[in-house]
Amino acid sequence: RIGKYFETDIHADHVIAVLEKYYQAKIVPENTLIIFDEIQMCERALTSLKYFSEETPEYHVIAAGSLLGVAVNREKYSFPVGKVDFLDLYPLTFKEFLKTANEKLYNYVEELSEISALPQFITDRLSELYQQYLVIGGMPAVINSFLENKGMEKVKKEQQAILNAYILDFSKHAENKDIPRIIHIWNSIPSQLAKENRKFVYKMFKPGARARDYEDALLWLESAGLIYRVFCTSKPFLPLKAYDDLSAFKVYLSDVGLLRELSGLPPEAIFLGNETYTEFKGAVAENYVLQSLAPQYDILPRYWTSIGKAEVDFIIQSDSDIIPVEVKAQTRLGGKSLSVYDATYHPVCKLRYSLNNLKQDGTLINIPL
């Protein structure tokens, strides 16, 4: 009887009212699962979670919302604190894509038990899938189109539809004063990442722009889950958050495929290589690695710089260990930043992601991208 209300295009408040009558009358069977999608669109739906928990614990409720992080920060919502368990969903990582695209290869990687070079035919196939992932990214609808062989044009259309939906979300859900600033920041991300040091600079999209004018817009994009803001750490000590330089940070997209589409990078440049696609290749590789690391740790990675201009791409806090991570988009391993860091802080382990084979050299582990 409830189902018929969800099949019609009626306002969510009407659905809530119907459900309230049903569960007050105890008509809904026990162990019923009720799902509210895009719950941030209905204030009463959010508030009702408290009453479901207190008055009808026999019902199970899932509330999903792509902008839920934005909604719960707005004062008009009476959010049921302490009544809700949170689960953050991310775009698929390369590993999850691999499991769907080639389960045998995924199982092979999962069963690796020692650090030694992988066979050539394995690395060749993994490299091919890695290139595909850089193009399509981890958004489920995009991956489905790719795996169903609908063609690259369909993949690009799916990605563009997502980007267009984000722009509409800016206009619909953000404060009016923040909308132009959110769009400025969003559109500037590819050019921000194209810089050599990738540090976010406000003046790139508007002369005289100040941090205080754009902080709310940045926070909105973060809360919406559309970007990662990676702060510079002055000291790679515990706890990592305590040593953030809040004035220095980099901004990455939550999905590398959307970064490629937003930047206008043709898929052919990744698949076939292009002599003009060199500088931005590093930014794409960094975004890809961050996208894989972020869901694995409670603390978002930071980056580190020294006075002598050495820079380590990411710093991870893994339990009580601080681990430096270097990202190289190709097989060339130039640069001394990791050595400078090692000489200064003597980490128990160092990670380098590159297109070179799996190898350990002392405390340095090279992991194929």
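What is the handedness of the crossing of helix 5 and helix 8? In this predicted model, in which local features need pLDDT of at least 70, side-chain atom pairs count only at pLDDT 80 or more, and totals for chains, interfaces and linings use all residues, that crossing is right-handed. Residues are numbered from 1 along each chain as its sequence is written, and side-chain values use heavy atoms, with hydrogens and water left out.

A crossing is termed right-handed if the near helix is turned clockwise from the far one by less than a right angle, and left-handed if anticlockwise. Helices (H or I, at least four residues) and strands (E, at least two) are DSSP runs numbered from the N terminus. The axes of helix 5 (residues 94-101) and helix 8 (residues 140-147) come within 12 Å of each other and cross at roughly 35 degrees; these axes are lines fitted to C-alpha atoms over the stretch in contact, with angles running from 0 to 180 degrees between N-to-C directions. Contact, here and below, denotes heavy atoms within 4.5 Å. On the side of helix 5, Phe-97, Thr-100 and Ala-101 meet Ile-143, Phe-146 and Leu-147 of helix 8. The residues of this contact comprise five nonpolar, one polar and no charged, where Ala, Val, Leu, Ile, Met, Phe, Trp, Tyr, Cys and Pro count as nonpolar, Asp, Glu, Lys and Arg as charged, and the others, Gly among them, as polar.

The largest nonpolar core holds 82 residues, and Tyr-166, Trp-186, Trp-220, Leu-221, Leu-226 and Tyr-288 have the most contacts inside it. Such a core is a set of buried Ala, Val, Leu, Ile, Met, Phe, Trp, Tyr and Cys residues joined through side-chain atoms within 4.5 Å; buried means under 20% relative accessible area, exposed over 50%, and partly exposed in between (1.4 Å probe, protein chains only). Beyond its neighbours within four places in sequence, Leu-221 contacts Phe-170, Ile-182, Ile-185, Trp-186, Leu-226 and Ile-227.

Leu-68 is located in helix 4 (residues 68-71) and is classed as buried because its relative accessible area is 17%. With neighbours within four places in sequence left aside, its contacts are Ile-39, Gln-40 and Leu-46.

Outside the four-place sequence neighbourhood, Leu-253 is in contact with Trp-186, Ile-189, Leu-226, Ile-227, Tyr-228, Leu-258, Leu-259, Leu-262 and Asn-287.

Several backbone features occur in loops. The peptide bond from Leu-238 to Pro-239 is cis, with omega near -10 degrees, and Pro-239 is found between strand 3 (227-233) and strand 4. Asn-149, not a glycine, has a positive phi of about 60 degrees; this residue is in the loop between helix 8 and helix 9 (152-173) and is exposed, at 69% relative accessible area. A positive phi of about 55 degrees is found at Asp-319, also not a glycine, in the loop between strand 6 (311-318) and strand 7 (321-327). Asp-319 is exposed, with a relative accessible area of 73%.
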